[in-house]
Every structure is written in C-alpha cells, then in structure tokens.
Amino acid sequence: MATSSVSRGCFVFKPKDSKKRKIPVAADFFNKGDAISESDRLRFSTYESLWQQMKEETESFQDNLNEKIFDSLLSFIKNSHIHLNSKVNDWSYRMRCSEIPTAAVVLGVNVPDHEMTFQRFSDLVKQSLTPHVVCLHGKECTTVKQVLQKVLMHLLGGIVNDEEAEEEDMHHSTPLSQRRIHCSMASLSGWYKAITQTSGSGSPSKKRKSCAVEKEQAPPIVIIFKDLETFLPEVLQNFITICSNYIQQLPLVLVFGIATSPITIHRMLPHAVSSLLCIELFQSLSCRDHLTTVIDKLVLTTKFPFKLSGKVLQVLIVIFLYHDFSVRNFVKGFQLSLLEHFYSQPLSLLCCSLDEASGRIRNLAHGDCERIRQVPSFMRYVDCQDSEKQIELLTNDQYLKDDVQKLLKDLHIYHENYFPVLKCLHVFTSSLPKYPLGKQIRELYITCLERNIWETEEYSSAFQLLGMMANDELVCLLQKCIDVLKSSKQQKPLIDIRQKFEEFLLKFQKLDDIAPEMHDKEGDENNKTSPEKSLQKKTDLYELQKTLMEMKKSRRSKKLSRFEALRMEVLEFMDKLVRQYLLPPETQPLHEVVYFSGASTIRKHLNATPRTALQTALSKPYNYLQNEALRSEGGTITNTAPDICIVYKLHLECGRLINLYDWLQGMRASLARPAFIAHWAEKSQPLCCGSGVTCRPDQAFVTVVSASEGQDPDKPGKGQVDQVLHARFIRAVSELEFLGFIKPTKQKTDHVARLTWGGF
Amino acid sequence: MSELDHGTYPEDRILSLKEKLICRDLQILTLQSILGEPHHYSYPSVFVYGHTATGKTYVTETLLKTLKFPHVIVNCVECFSSKMLFEQILNQLQGHSLSLKNEYTSCLQSNTFNDFVLLYKQVVHKQNLHNQTVYIVLDKAERLREMDSNLLPGFLRFQELADENATVIFLSEIVWEKFRPGTGCFEPLILHFPDYNKADLQKILSQDHPPEFSADFYATYINILLGVFYPVCRDLKELRHLAALNFPKFCEPVQRGDAKEEDTRRLWRNIEPHLKKAMETVYLREISSSQWERLQQEDKEGEHLKGLSIHAHVELPFYSKFLLIAAYLSSYNPARTDKRFFSKYHGKIKKTSFLKKHEKTSNLLLGPKPFPLDRLLAIFYSIVDCRVTPTANIFSQITSLVALQLLTHVGHDDQLNGPKYKCTTNLEFITAIASEEKANSIDNRTEKRDFTASGL
C-alpha cells in the first residue's frame, strides 16, 4: 500500500472495506467441525432456556434459605440505633451509647459463596433500611486511609452523582475528586449532618427520590467487612477506634463476615478495642445443608429433563466435600455439565419437556434418525423386539419416530416414579444405625444410579436391620413415606403405593389395639408347647440331638407374631418397589438423551492437575502436540522432540545437583541419536536409584557422549559445542527454571539444584 | 481544695471545675500552676501520662474549656498522617468544619511542618490570639512515634519554632522514656496521672446515679459492684459500663416492691450471682451488652445464650482438614522425626534416646516453626490414606487456609522459590479436627500416629 509520506517508518492501514465482521455468537461454536446446522442452534437455545430456568430456581430457593438470617440481621440493624433516632434521653442508654453495634456473621469457610450472600444482603438493606451501605474487602484495605477513602467514596460519591443527574442547575459542582476530599471521619460526619438536615427540611426532589428511606429520621450507615480474616488487625483496630469517637454523631453499624469462627474477633482485637463494640452473633446455614437443598431442587426432580449420571454427580460432590465446600462452584459445575451435554451429545436435542420433544421428533431428519439407531441403549432395545418390529425400526423413519416418542414418555414416567420411591427408600435407610446406605439421599442416589442397588451387600444389611425395627419406629417411617408420596405428583402407581402404605399404617394401628391380648395368648402357647420340659428327662445323644434340632426348627419357623408378619410384609413390599422402580438408568432405552456421563471431561475441567499435565507435556510431547514425528513408545523420547522435553528427560536422571556442562553434552548426544534415551535410561537406572546417596549422573553423561562420538563423525571436536545448540540449551534450561524444576545454586559452581525428586 | 491557690481565676469557674473533676485535685493544681494566666508564656511542652481511664483527657479538656483558654484537641489515632494532623489543628483554630459547602476540604493545605508553622502564625494573628497562650492537645500521642520522625521533636519545641505563645500538651498511656528519640530532643514537663483507688472509683461511679433513684441507693449498688469486679478490673470505663448494664436487675426487687431501698442484704443476695455471671460473659465481651439486657428481661437462668468462644468449631473440607493437620505436624515436629513417623520402613530408632531428647523441651512450648511447602505436601500425602492427585484445588486450599489465617505465610520471598508457612492453630483445634475425621470412620491408624507425633 502506498503512503503520501516521504519518510520511512511503520504505517498503520485500517481495512477499508467496511464489511461487517461477523461476530461469532456462542451458538456458532456449537458444532463440531461441520457447518452449523439448525439442530445445533436449537440445541444451544434449549440449553440457554433450560439454564435460565435452573438459575431462576436456584436463586429463588437460595433467597428462601437465607431469609431467616437476613431477617434477623435487618432487624438488628434497624434496632441498633433506635435510641438515637427517638432521641429518648434514657439513662441506661446514655450510659452505654458509645458502643458500636456490630453483627458478626459466621458464614463458613466457603468463601466463594460469600460474595453472592453479601451482594444480596446489601441489596436488601438498600431496599428496606438505608441507602448508606459500604462493602469492604480486606485486600483493598491495607491502611486506615484506604478504608476511609473507600467508605467516603462509596457514600459521598454516590450522592454527588445522584444530585448531578437530578438537579444540574443547582449544583454546578464537578464530582468530588478523590484527592481533594479531606479523607477523614470528620468529613463523613459533616456529610451525614448535611444529608439528614436536607432530608429534614425536605427539598422536593430528595423527598421524591427517597421518601421511603428517609421516613426514619436517621438512616444508619452500614459498613460491611466481607472477609474479616484478611483485614490487617492494626487497620481494623484503628478504624474501630476512630469510629467510636464519632458514634454519637454517626449511626454506624458494622457487619463482620467471618469465615472461620467468632474467636477470630478476639484474636484480632484487643480488649480495649473489642470493648468498643456491641457484638451480636449470627450463624448462617451450614453449607452441607445448602448443598442438600441444591441437590434436592436441581437433581432430584423431574422439573428439568436434564440428568447427571452417577459418576458426574460423584465428581461434583467430591469436589464440594473434599475441596471447597462452595455451593456456587457446585452450581457452576452443574452448569458446565449441562453445557457439555448439549455440546457433545447431538441427541440432546430431545432433552426438553415432553410436549416440545414430540414436535422435535416429528421434524427429525434422516441423519438424526440414523444417529438414534446407533445409540447403544436403543440398539439393545431393538434387539429385544421381535423381528418384524426390528426391521420396521431400522428402516422406517416414521415408525421409529413414533417409537422414540413412546420411549421418551416411558423415560419420563420412569423418572416420575423414580424419585418418590428413592425418597421413600431414603426415609427407611436414613434412620438405621451406622447408615449402611448413606446418611444423605445423595449417597443413596449415586448408588442407585450406578448399579442394581438390591444386589449390593449394604442393601441386604440395611434390610436386615430394618427387620429388627420396633413398632413405633416403623409407624413413624410409614407416616413419613406417605408424606413424601403426598407431596409428589399424583398419578397412578404412586397413588397405589401410597394407599398400600396407608393400609399398612392402619394395620399397625389396629395391631396396637389388640396387641395386649395377643401377647397373653402367645404367652400361653409358649407355656403349653415348651419343649424344654422334654429336655429334662434323660435321653441318649441321638435323641438329644434330634430334640435340639427340632427345637431350633420350631424356633425358626415359630409363627411370627402378627407384628412381625406385618413388618415382613412391609419390607417385602418395599423391596418390591425398589426392584421395580429403582432400576439404574442404563437399563432405560434412550437414556443417553437426558443423562450426561462425561465424568472425565468434567473432572478435567474442574479439578485440574497442573503438575500432571506439565509432566505429560514434557515427557510425552505427542500427547499435546499431536505430531506423528513425536510418537514414541514406552518412556522414550525422540530427538525431534522440543528441546525442553529432551532437557527435562535428561534432568530426571540426575541427583540433587546437576552439572550444566554434562547436561549440555548429554543434550548434544541425544540430539545426534534418535530414540537413544530409552537405552540410556535403562543403563543409568541402577545408578540413580538405590540408596539415593551417591548418584553419579556425570558418569552416565560421559558414557553417552563417548558412545555418540564414535557414531557421529560430523560432530565438531570434543568439548566444542555449536553456538546454536548452546543457545537452545540455555533457553531450555531457563524454561525449566521458570517451570520450577530447577533453581540456581551457590553450593557448587556450574551446577543447578533440582527441585523435584524421583524421576522414573 | 481549700488550700488551692486559684490565683485570679473567676470564682464561678473554679466552682464548676470542682464539681466536674473529683479525685484529681493534685493533678489539677499542678496543671493550673503550669498553665498560669492567659497572657503568661507557659512551658513549651507538657507530657501527661497515666493508664486508660485515669482522666487525662477529661481533666485537660475540662480545665481548658472552663478556664476559656484557646485550645485545640486532636486525636492522633484519627489523624494518621502528619498532613491530616496539621490541617485538623488549623481547622479547629479557625472554627472551620467540613461540610458540603466547602466540599469536605480544609481551608488551608499544609504538607510539611514548615508550612504548618507559617500557616499557624497567620491563623493566630487573624484570630487575634497572639496575646494569650494557645494550647495544642495531642491525645494518644504514642502514635506520633510511628509518624514522620520530625513531628515529635517539632511539637516539643513548637513554641520556639513558631515564636508564638503556644504550649503543646501530649496525652499518652506510655511513659516518656519510650518516646525519647535517639537524636535527643527538648525535654517536656512530665505529669503523671496515677490510677484511681477503690474509694475514688466508688466516689466517681456514684456520681452518675439515675434520676429516679436516690444517690445513697446507687452508692450501695456501686459498693456491691466494686466488691465483685474490683479484683479483676480497675478500668473506670469498663466498670461504668458494667454498672449501667446490671443496674436494672439490681433495682428489680425495689420496683416490684419486694424490698426497700435500704434493704441492702436482700438486694445483695439478689444481685451477687448475677454479677458473677456477668463477669464471665459481658466483661469478656463474650456476649454483647444488648444481648445481656435481653437476657435480663427474659430472666432465664440457663446457658441458652452462648458466648463467642463457644463457637470455636470450624467446618472444613476433607482435604483442608488433612492439610491443616499436616501443617500442624510439620510446624511442631522437628524435621528429623519425619522419617520415623511417616515413612513405612524407617528402621528402628532407640526409643530411650529419642524420648530423652523429646523430654527436654516440649515442642508445643516452643511455638510453631516455619516449614517449606514440600514438607507439608509430603506429610499430607502420607497421612491421607487414599491416593491423592495433586490437583490445583489442593494448592488453592493451602492459599485459602492462609487467607483464613489458619496458616501464615512466612517471609516475603516470592511464591516460586519454595514458600514457607507456619501453622497458627493450637493443639485443641487440631485435636478436634482429627477426632472428627476419626468419627467419620477414616482409618484410625492415621490418628494414632498423629497423636504420637504431636507429642501426646
């Protein structure tokens, strides 16, 4: 391109053609290599709408969960300065008015969730109590000045902007620049006085804007310390001391977000400071309970067609329980599985509500039908059909569509029965000692998803324990089951089950009425037929054995009392239910449509192992580069591999200190010979393992070098290394240093220290 | 007070002083004689020290106010930079307050001590104060030591620097010896405020009796209160707080009509257990005063309101627990014992010699020692029974433990170069966590090893 300039230089040319650059939307990534098709778009939009529903659901029940603690916090804030507002000159109040009301909110160690909680909380406070809310982060507040700056900026800044927007003519003023504000509590107090006065005298615009808020004379100023632990103790102490000097003029309320335990307050604040506070403790919901609710609302429900397979659920729960306790991360993981399902499974097109699905089935193209025929579970299903139907299914698209529709409906019904029965089973097993099938319903659910639960040992031991239940316990369980069934959808099999349970319950109650007389009767019988008497008389050994056997048999087959018989009946019924309804989803045809089973993908994304990835990259470069030239077998590495891989491989065989010169020679040798390292490793292995005290890598290098010398005549004279090779070596070594495998050391000249151990 | 020579001060002011300030006669006398009369040149700097709540600030403030001396009182905690300190003094001298009109800025900007001295002179002349002594009171003066190094010496000879009739009064809880800078400075006049004794406290506390009860009745109450609390607490503020909190309970029988105001014994019997309980909770700020009040109103004799310390338990994710245990072990066990405790084939160490060494100094008494990340992870992998893959989550858990202040990062070298940590939790906490894991039916072997390792 030409320029009119006479000087030499770099010129920027903007593209002249103003063709609209196509901005790729997320849906465009939803294909796999092929051109994007209508069904891809549909899948993406299904994903979006489904996720939207789930998100709304999550938010609504999270609000419900937090409602209690928020309510108590709000009332605490409201009441904290009630005396100041009412201006009652109460004696007892006057005596202790210098305390700053403080709410210590214990939120648990799941720090990622706190953000959301506090966001919601500050919104609530802003809506209902006061516009003056400031959130502080420990990271941003390393000095008192910063704390004050933040507070002032939030409070004053907001107000100034509002005024500018509403009454431009009155206030010419530019927004208060950060630098010019006298950054002290005195400014804040001046500001607050101004605020309360104007609202009292009532400028009309103000009143209109915030009449709801200003109803109370003086709205308190709420300062939220989101993460108390990360604040520096001195900063906090000074800030509190300053606040206490102004508490008469400013209705301050502090809120401490505590992740560990309230003792932290005592640890951070000396008595002189903590005596300035009036601390009240608020405990939030335990995160485990929170998770239980999330699982109940998102996973154990037929509301959403999407389901997780046992393995995926297991991965998500393990991350939660073992690593972070964070409900937010769990929900994110759930979202990722949802996305991954719609992205990777073409049949997820049908993962929507039944009505929608029937429409979509009608519009299926031939290719999609073929895809359905190749799904393993569908193939199994076809195999079970008679031959005529098989042919129809495999050749006639229309027939297939009808059948798919039916199958999807069956799947839906399967789920509708599945969860209530699962909950009933959980009611039964969760009261057992030692919880053979898990305390939480999630554990039971995972077991049920993965295998036939009635074949497990835990199941039989659970039923043995159930067989020993007392009357009242059993009645209580039955009642709970009935409640569970009542709260679920009312439809055919469930109603029957409920009625059956109710029948049982009735029988148990009747049993109670007639139990006393029954008991007497039994007692009589026992006396009558007691065989012990016969034992008294002398008999021979054979006779004795026979009697004992009989006794045993009679005891075993001894008529069960009516209660026992009934108990047996209940358990048998329960067992039948489990076998009928809690089949693992793999048995259902077309389960692939709604179940997401990519556990390893999810694990790779959510629980990454950087160390392993690094080692794989360095020792098996083919894995990531996918270059055929790099393909190698076993632990070997070709000389075409990137330099850093070769250097890494060589360094694995060294002890704690590595001689740089020998290392360079080793690299040169390895570059000269393809796939040499396999031999070399074998050879030098005995040198490096063993006691680990004297490892002689130098020797290994030397042998390699001399061996390669013999083979390579072109090589420059011994000890002289090509400059390019030298530079490549230095670069590779510094890359290794950057990755944290080695570091420079002063113990020995020309050596570097290894930071990792092991190597084979 | 009759022997005090009040010089030329007006009679009514002296009277009001007497009324307001009790039990500090000697100090007031000294201060007054130092201050002299308005037009006198006073001593350049006065250093007043004494414990918390010995009336330093109150006496100085009341004295200056009642005698109508021009003065400025500045809290050094609030003014954390020298600029703020200067501006605050100038603002107060001018009677300038921060408001929306002046956009919350002070009228005079002064960044250095030199600016301050010049501006001060201007202001004093403008306000027509140059023919009388101006007092600058610096409360919590111990903070000056951490600020700019020229502040303290500068203020000590402020009279000389400004060439004005000014006196700086320092109020502090620390003795003057801790202030003296290395390079030497002007020595101020030192005045000590001793602690109040029991009789003084009784007198002062009895002063603020509520209007609806007689002074004698309140004095009886204070007497009982001091009987309980005086052995543990002599802080006037704290005592006053406690008095206010517990008084409603004390006068309850009187209001109900069960007892008369003179019925001291009965009242005493009523309030004494109550005060004892207050000592365990309110005094230590285990529960807040408002909660205490509510508790009184509900009048339930139970422990249904638990203090802050009760909630010591922290729920941690599975691996965090083990990381914390590993951190504790590596903090309190010498590294040489690791092989013995954590590797399967450690060879026999002579038990006697090992124990002997161990007995000399318990590691628990020596406090936590720093340990490198590698060691923490090695111990972690060895105490967790199942195989753990070193995922990113494990490393981020270490960081979050640091954020929760259960571990601390030692040294300021960068994270790449082998970071070192210390464990800050105590044995009790770790034992609780370890036993919790045991209850969750993880292998007992680990726990047993833990306890032997931690020297139990």
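Residues count from 1 along each chain as its sequence is written, chains are lettered from A in the order in which they are written, and side-chain values use heavy atoms, without hydrogens and water. Local features need pLDDT of at least 70, side-chain atom pairs count only at pLDDT 80 or more, and totals for chains, interfaces and linings use all residues.

Start by colouring by pLDDT, the predictor's confidence in each residue, from 0 to 100. The complex has an ipTM of 0.87 and a pTM of 0.79. Chain B averages 79, with 81% of its residues scoring at least 70.

Next, select residues 1-6 of chain B: pLDDT stays under 50 there, and the model has seven contacts (heavy atoms within 4.5 Å) beyond four places in sequence. Residues 441-456 of chain B also stay under 50, with 33 such contacts. Low pLDDT means that predicted coordinates should not be read in detail.

Now move to chain A and show β8, β10 and β9, which form an open antiparallel sheet in that order. Strands here are DSSP runs of E, at least two residues, and helices are runs of H or I, at least four, numbered from the N terminus; two strands pair if DSSP finds at least two bridges between them. β8 (657-659) and β9 (742-744) of chain A are the edges, each with a single partner strand, so one side of each lacks a neighbour in the sheet. From one strand to the next, the twist averages 35°.

Zoom in on β9(A) and β10(A) (residues 751-754), joined by three antiparallel bridges. Pick A:I742, and its bridge partner in β10(A) is A:R754.

Technical notes: Axes fitted to C-alpha atoms, helices over the stretch in contact; angles between N-to-C directions.
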